[in-house]
Amino acid sequence: MRRSQRRRVSAGVRYLVLSLWAIIALFPIFWMIATSFKPDTQWFAWPPVYFPHPPTLANYLNVWFGAEEYAATQYAISSQKPLVSLLNSSVIAGVSTLLSVLFGSVLAYGVSRYHMLSETRMFQLLILRMIPPIVIAAPLSLYYAALGLLDSRIGLILIYFLTTLPYAVWMTKSFIDEVPRELEQAAEILGATRWRTLFEIVLPLIRSGLVATFLFILILTWSEYLLALIITKTNVTTLPIELSKYQGTTEGRVYGRQAALAVGITIPLMIVGLIIRKHLARGFSFGMVRR
Amino acid sequence: MNGAAVLAASIPLQSSSRRLSRERAIRRFRWAILGPFIALLVSVLLPVLFLQLYFSFHQWTVYLGSWWDAEYVGLDLFREVLSDPRFGWAIVRSLAFATGSTIGCFLVGFALAYLMHKPFPGQALYYTIFILPMLTVPVVVAYTAEMLLYQSGPINDLITRMTGIEFKPMWLTNPDIALPTVMLLEIWNWAPFSFIIMLAGLSALPKEPIEAASILGASNWRVFWEVQLPLLRPVILLALVLRFLEAMAEFPKTWALLQGGPGTATETVPVYIFLTTWQYFEISKGAAMSYIVMLLMIVVVLLAIRLLRREKRSLDAMHASSAAGEEPAP
């Protein structure tokens with residue numbers, strides 16, 4: 001085989017393998033979206049229905065807006081309130097993430113410029129994230145019960161803030177490390193306090209890094225399941241918990257409704273993830289891999 | 001600018017007192033940042049760890065009245081947990097699950113990254129598609145899997161149609177394959193993680209050694225094994241270690257999909273602790289189990305951290321050299 005021929009063959013193999021995985025990656029997402037538009041007779045049909053025919057908005061209207069006329073009695077789900085959960089999820093994920101990034105970046109600045117935490121301490125900080133949360137779940141819920149934080153937004157915000165802090169510190173530190181120090185030295189000579197230097201020079205310089213960190217941590221807090229399951233009961237359910245309530249209803253499987261809810265939970269996350277796609281490697285590797 | 005010059009000139013005159021006040025200011029700054037952080041850690045984590053220790057040594061469940069009067073039972077609970085074969089099997093399952101899914105994620109992620117690390121038409125589109133599974137909420141993955149995997153569901157239907165052979169495994173109800181099924185879901189969900197990390201690693205590799213090797217006539221295969229792979233070691237270890245630790249803690253998919261069933265086939269450590277505490281209400285046994293798992297995981301995490309620390313040094317060196325190589329270009 002000539003060289004150019006061989007190259008064409010290897011390019012063909014590459015596209016084949018990549019497309020194969022692309023199909024594997026997309027099919028479940030396609031199925032979820034397709035099911036959300038299916039009328040109830042097609043959720044569970046044999047042979048399986050691949051494209052909703054005809055597509056219907058009934059699942060969305062019923063699940064998200066509680067439109068009764070679309071709720072065939074058999075599938076009626078009355079007590080759940082996805083819009084309330086959406087609000088809870090937004091507030092809890094938003095506030096805890098904001099706190100995490102704000103506090104994390106201040107701490108990261110201290111570490112980067114004043115060695116506030118030694119390298120050993122920085123790595124020990126990772127323990128907060130790497131120990132499975134299940135091992136503290138029970139005592140945490142009892143402690144929260146004693147403090148009156150059980151089933152409250154503040155309780156979840158607090159624990160999300162603590163468990164995402166290592167990501168925030170490490171990721172923002174990797175951005176701060178890349179900022180040249182000359183500007184800060186000039187500011188110090190001109191008499192600016194450290195706080196002013198931090199908030200008016202350093203943080204504005206890493207603005208896009210802060211946004212990336214915020215969105216990255218939002219992915220984690222938005223989809224968290226275990227702690228939300230344990231700490232929330234009825235008042236402040238988040239969206240992932242709301243979704244699991246559609247499981248095991250006595251009426252049987254309600255795939256279409258579940259899918260309509262699942263799409264609503266997933267789409268914001270995908271948008272956020274695609275916005276920061278260039279920074280995902282940095283985020284997940286605690287800033288150790290940079291690009 | 002005048003002010004700066006005056007300031008700079010005055011430094012040598014009163015250097016010692018200035019340095020002292022500067023040091024004091026830095027110390028104040030340090031405690032203003034670290035203080036609240038330490039206070040928060042202490043006020044949340046310390047009581048939690050104390051409670052966990054307390055329940056590990058006191059027999060209590062929700063039916064037994066106030067927990068602070070619980071009976072002290074010494075090491076009984078630990079003895080009970082350590083002689084519980086279900087706990088042993090849960091650990092085995094968790095290890096098998098974490099190892100299998102970590103290797104699976106890595107192989108898929110690495111293969112994709114290797115095929116994609118040089119620019120080609122369509123690269124950005126494939127990248128976008130490949131990271132989507134990672135951006136799907138884990139519970140959503142679980143429920144979507146249920147819609148896909150029931151016995152006469154679309155996956156079995158598609159495979160039957162494509163191969164022409166009747167293909168009807170019971171992915172979720174056959175105890176022999178339920179755990180591998182969850183493992184496949186974990187791989188689908190998190191192979192993108194290994195993919196993006198490996199892609200970043202491959203793109204950051206220095207070009208010179210690879211070019212030098214191929215000029216000297218080394219085959220692609222040899223360049224891969226003897227040049228690229230050794231240079232990639234830190235990134236590979238990072239991807240493996242982080243994925244393994246996350247997989248050890250995996251809960252949402254296993255729980256939402258199967259609650260440990262069928263039988264105990266998917267009862268991993270997090271699921272068993274959850275069942276013990278919130279379904280059987282054996283709070284104390286759950287606490288003792290948590291304690292043992294926590295200690296084991298701390299050992300594992302400390303070992304992992306040691307490894308990460310060593311590899312981070314070589315990563316930083318690599319980034320520094322590639323940054324230095326890029327600088328003259330623009």
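Which hand does the crossing of H4(B) and H10(B) have? The crossing is right-handed, and it is taken up again in one of the legends below.

This is a predicted model, in which local features need pLDDT of at least 70 and side-chain atom pairs count only at pLDDT 80 or more, whereas totals for chains, interfaces and linings use all residues. Residues are numbered from 1 along each chain as its sequence is written, while chains are lettered from A and ligands numbered from 1 in the order in which they are written.

**View 1. Helices H4 and H10 of chain B.** Helix H4 (residues 85–116) of chain B packs with helix H10 (residues 220–248) of chain B at an angle of about 140 degrees, their axes being 9 Å apart. Helices (H or I, at least four residues) and strands (E, at least two) are DSSP runs, numbered from the N terminus, and axes are lines fitted to C-alpha atoms, for helices over the stretch in contact, with angles running from 0 to 180 degrees between N-to-C directions. H4(B) and H10(B) are therefore oblique to each other, given that angles under 35 degrees count as roughly parallel, over 145 as roughly antiparallel, 65 to 115 as roughly perpendicular and the rest as oblique. A crossing is called left-handed if the near helix is turned anticlockwise from the far one by less than a right angle, and right-handed if clockwise. Among the residues of H4(B) that meet H10(B) are B:Phe97, B:Cys105 and B:Phe106, and the H10(B) side includes B:Leu240, B:Arg243 and B:Phe244; two residues are in contact if their C-beta atoms, placed from the backbone, lie within 7 Å. By class, this contact of H4(B) with H10(B) has nine nonpolar, four polar and one charged residues, where Ala, Val, Leu, Ile, Met, Phe, Trp, Tyr, Cys and Pro count as nonpolar, Asp, Glu, Lys and Arg as charged, and the others, Gly among them, as polar.

**View 2. Helices H6 and H8 of chain B.** The axes of helix H6 (residues 138–149) of chain B and helix H8 (residues 178–203) of chain B come within 11 Å and cross at roughly 125 degrees, which makes H6(B) oblique to H8(B). H6(B) passes H8(B) in a right-handed crossing. From H6(B), B:Pro138, B:Val141, B:Ala145 and B:Leu149 meet B:Thr181, B:Leu185 and B:Asn189 of H8(B), and by class the contact has five nonpolar, two polar and no charged residues.

**View 3. The two domains of chain A.** Chain A is assigned domain 1 (3–75) and domain 2 (82–284), bounds that come from an automatic or database domain assignment. The centres of the two domains, taken over C-alpha atoms, are separated by 30 Å, and their contact takes 15 residues from domain 1 of chain A and 14 residues from domain 2 of chain A. On the side of domain 1 that touches domain 2, helix H1 (3–36) and helix H2 (58–65) of chain A are the elements that give two or more residues, and H2(A) gives the most, with five residues. By class, that side of domain 1 has eight nonpolar, five polar and two charged residues.

**View 4. A:Tyr60 and its surroundings.** A:Tyr60 is placed in helix H2 of chain A and counts as buried because it has 20 C-beta neighbours inside 10 Å. A residue is buried if 20 or more other C-beta atoms lie within 10 Å of its own, exposed if 12 or fewer, and partly exposed in between, with C-beta atoms placed from the backbone. Leaving aside residues up to four places away in sequence, A:Tyr60 touches A:Ser36 and A:Ala260. A:Tyr60 and A:Arg257 are 197 residues apart in sequence, yet 7.2 Å apart in space, C-alpha to C-alpha.

View 5. Most residues other than glycine have a negative phi, and most peptide bonds are trans. The peptide bond from A:His53 to A:Pro54 is cis, with omega near -5 degrees, and A:Pro54 is in the loop between H1 and H2 of chain A. In chain B, the bond from B:Gly261 to B:Pro262 is cis, with omega near -5 degrees. A:Asp151, although not a glycine, has a positive phi of about 60 degrees, and B:Phe281, also not a glycine, has a positive phi of about 55 degrees. B:Phe281 lies in the loop between H12 and H13 of chain B.
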